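Student: Hi! Could you walk me through this model while I have it open? I'd like to ask things as they come up.

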Amino acid sequence: AVVRSGIAIAKEEHHLGTENNWYVKILEIAEKTKNTSEIRKYAEKLYFDNNFSKEYFLKLKSTYTGKEWPKRCDEIINKLKGREQRGGYAEVHALAGIFIVEKYNDRLLKLLQINATNMSFVDSYAHFIQQQFPAEILELYEKGVKEFAVSTGRKIYHYVADLLKKMKKIKGGTE
């Protein structure tokens, strides 16, 4: 009751950090009492409210059996994608994080390909799957290098050089 009134006061006074802290406390209590439904409810809430924190994703996952989890995980993925089936900036990074944790490498590749125009995003996650999909990752880097190479400036030059070095380390990258 005290926690719930604390949440109400925090909402009323627009203290989002305080409200979040109360939800963390509720989750801690649920974990100590092994209340699975409450753990699921608040771990998911905190996952979505805290920039898709891996910590809360893993807590949520831990409450499901191996058979239950894939379906629930797909529901979370679809919620992140939204109506456009792509998601926004934060959601795309959250999707990549889920795909890495779940070892959905083919889905991570597809996500990188969909977001190929964002070389920074591609570069952040390509190393997770470059052994499995070297040709596809090289193709993404090649497009990025060609796009950046038309620009000028020391910063661009260094960025392109870094990308080329990374490409060289991938199987078939020297060619």
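**Loops, helix pairs and the core**

Tutor: Happy to. Let's begin with Lys34, which is placed in the loop between α2 (16-32) and α3. Before going on: this is a predicted model, where local features need pLDDT of at least 70, side-chain atom pairs count only at pLDDT 80 or more, and totals for chains, interfaces and linings use all residues. Residues are numbered from 1 along each chain as its sequence is written, and side-chain values use heavy atoms, with hydrogens and water left out.

Student: Got it. What is the phi of Lys34 like?

Tutor: Lys34 is not a glycine, yet its phi is positive, about 55°.

Student: And is Lys34 buried or exposed?

Tutor: Exposed, because its relative accessible area is 67% (buried means under 20%, exposed over 50%, partly exposed in between, with a 1.4 Å probe and protein chains only).

Student: Where does Asn51 lie?

Tutor: Asn51 lies in the loop between α3 and α4. Asn51 has a positive phi of about 55° although it is not a glycine, and it counts as exposed at 69% relative accessibility.

Student: Let's zoom out. How many helices and strands are there?

Tutor: The protein has 10 helices and 0 strands. Both are DSSP runs numbered from the N terminus: helices are H or I with at least four residues, strands E with at least two. Of the 175 residues, 37% count as buried.

Student: How do α3 and α4 pack?

Tutor: Helix α4 covers residues 54-61, and it packs with α3 at an angle of about 155°, with the axes 8 Å apart. So α3 is roughly antiparallel to α4. The axes are lines fitted to C-alpha atoms, for helices over the stretch in contact, and angles run from 0 to 180 degrees between N-to-C directions. Angles under 35 degrees count as roughly parallel, over 145 as roughly antiparallel, 65 to 115 as roughly perpendicular and the rest as oblique.

Student: Which residues make the contact?

Tutor: From α3 they are Ile39, Arg40, Ala43, Glu44, Leu46 and Tyr47, and from α4 Tyr56, Phe57, Lys59 and Leu60. Contact means heavy atoms within 4.5 Å.

Student: What about α3 with α5, at what angle do they pack?

Tutor: Helix α3 (residues 36-49) and helix α5 (residues 69-81) pack at about 30°, and their axes are 13 Å apart. That is why α3 is roughly parallel to α5. Glu44, Tyr47 and Phe48 of α3 meet Arg72, Ile76, Lys79 and Leu80 of α5.

Student: New topic: how many residues has the largest nonpolar core?

Tutor: It has 46 residues, and Tyr47, Leu80, Ile98, Phe99, Leu112, Ile137 and Tyr141 have the most contacts inside it. Helix α6 (residues 89-101) gives the largest share, 6 residues. Such a core is a set of buried Ala, Val, Leu, Ile, Met, Phe, Trp, Tyr and Cys residues joined through side-chain atoms within 4.5 Å.

Student: Which residues does Leu112 touch?

Tutor: Leaving out residues up to four places away in sequence, Leu112 touches Phe121, Val122, Tyr125, Ala126, Ile129, Ile137 and Leu140.

Student: Last one: where does Ala135 lie?

Tutor: Ala135 is in helix α9 (residues 134-149). Ala135 is exposed, with a relative accessible area of 52%. Its C-alpha atom is separated by 8.4 Å from that of Gly173, 38 residues apart along the chain.
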